[in-house]
Amino acid sequence: MAEETTPTPQETPEAAPIVEVGKVSKWLAENGFEHEALEPDHLGVEVLKVDREFLIPFATALYAYGFNCLQCQAAYDVGPGEDLVSTYHLIKIADNVDRPEEVRVKVFVPREDPRVPSVYWIWKGADWQERESYDMYGIVYEGHPNPKRILMPEDWVGFPLRKDYISPDFFELQDAY
């Protein structure tokens, strides 16, 4: 008869941290919207991860739930060779509320195919913010009414805030002394 051995801490695979789902995540799950609850941010704001294929129905559901204001749309680069992320910070604006309810949605896309549907048709405030995310990171917002650069010249090559970006014609400044 073989003896059972208890795995040592080095042998056990690292378990993913358990994230307690919030009120919005529960409502979305009850209504059949696939997503992943991420760890809340430092202020306790619920963070949800959704696939780009489901962003529009997901965003429409959040709008119907009462998130009527896109406070901020932004993007960031996880690292060279890794995903780009489009984020949406949504709030509920209502009368007689001293602290509006907030939620953050993140869409991770591969840098080889950085396409995300535009939420401009749900929240008009996404207009210039999506253009800036395109201009700096190269995330294409499909269905955006005016998808062109907003900060860089139209003929600029590349996306300057990507972590693997190499500036063209870079000249190192020399010490004047």
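Helix α3 lies across strands β3 and β4 (84-91), and runs at about 0° to β3. Such angles are taken between N-to-C directions on a scale from 0 to 180 degrees, with axes fitted as lines to C-alpha atoms, for helices over the stretch in contact. Contact here means heavy atoms within 4.5 Å.

This is a predicted model, in which local features need pLDDT of at least 70 and side-chain atom pairs count only at pLDDT 80 or more, while totals for chains, interfaces and linings use all residues. Residues are numbered from 1 along each chain as its sequence is written, and side-chain values use heavy atoms, with hydrogens and water left out.

**The overall plan**

The protein has three helices and seven strands. Helices (H or I, at least four residues) and strands (E, at least two) are DSSP runs, numbered from the N terminus. Along the sequence they come in the pattern α-β-β-α-β-β-β-β-α-β. Of the 177 residues, 34% count as buried; that word stands for under 20% relative accessible area, with exposed for over 50% and partly exposed for what lies in between (1.4 Å probe, protein chains only). Among contacts with a separation of 6 or more, 55% come from residues 24 or more positions apart.

**The sheet**

Which order do the five strands of the open sheet follow? Their order is β1-β2-β5-β4-β3, and the pairing is mixed. The edges are held by β1 (36-38) and β3 (69-77), each with a single partner strand, so one side of each has no neighbour in the sheet. On average, neighbouring strands in this sheet are turned by 25° against each other, direction ignored.

Strands of a sheet pair through backbone hydrogen bonds, in either a parallel or an antiparallel sense. Two strands count as paired here if DSSP finds at least two bridges between them. β2 and β5 run parallel and are joined by four bridges, with K49 opposite K106 in β5. A37 has L48 in β2 as its bridge partner. Between β1 and β2 (residues 46-49), three bridges make an antiparallel pair, and L38 stands opposite V47 in β2.

**Helix α1 on the sheet**

Helix α1 packs on this sheet, where it touches β1, β2 and β5 (102-109), and its direction makes about 35° with that of β2. Which residues of α1 are buried? They are V24, S25 and L28. Down the axis of α1, the buried residues fall within an arc of 100°, so they line one face of the helix; the arc is that of the directions from the helix axis to the C-beta atoms. These buried residues pack against β1, β2, α2 and β5. On the other side of α1, K23 and E30 are exposed.

Apart from its neighbours within four places in sequence, S25 is in contact with H35, A37, E46 and L48. Just after the helix, G32 takes a positive phi of about 85°.

**Aromatic rings**

A pair of aromatic rings is described by the distance of the centres and the angle of the planes. Rings of Phe, Tyr and Trp (its six-membered ring) pair if their centres lie within 6.5 Å; planes under 30 degrees apart count as stacked, over 60 as edge-to-face and the rest as tilted.

How many aromatic pairs does a search of the whole structure find? The search finds five. One of them is the tilted pair of W27 and Y65, at 4.5 Å centre to centre and 40° between the planes. This pair links distant parts of the chain, with W27 in helix α1 (residues 23-30) and Y65 in helix α2 (residues 55-65), 38 residues apart. Y134 and F159 have ring centres 5.8 Å apart and planes at 65°, so their pair is edge-to-face. Here too distant parts of the chain are linked: Y134 is in helix α3 (residues 126-137) and F159 in the segment after β7 (140-142), 25 residues apart. W27, Y65 and F67 form one aromatic cluster.

| Residue | Relative accessible area | Class |
|---|---|---|
| S25 | 4% | buried |
| Y65 | 18% | buried |
| Y134 | 23% | partly exposed |
| W27 | 25% | partly exposed |

**Charges over rings**

A charge sits over a ring if NZ of Lys or CZ of Arg is within 6 Å of the ring centre and within 35 degrees of the ring normal. The charged end of K49 sits over the ring of F108, 4.8 Å from its centre. K92 lies over the face of F67, at 5.5 Å from the ring centre.
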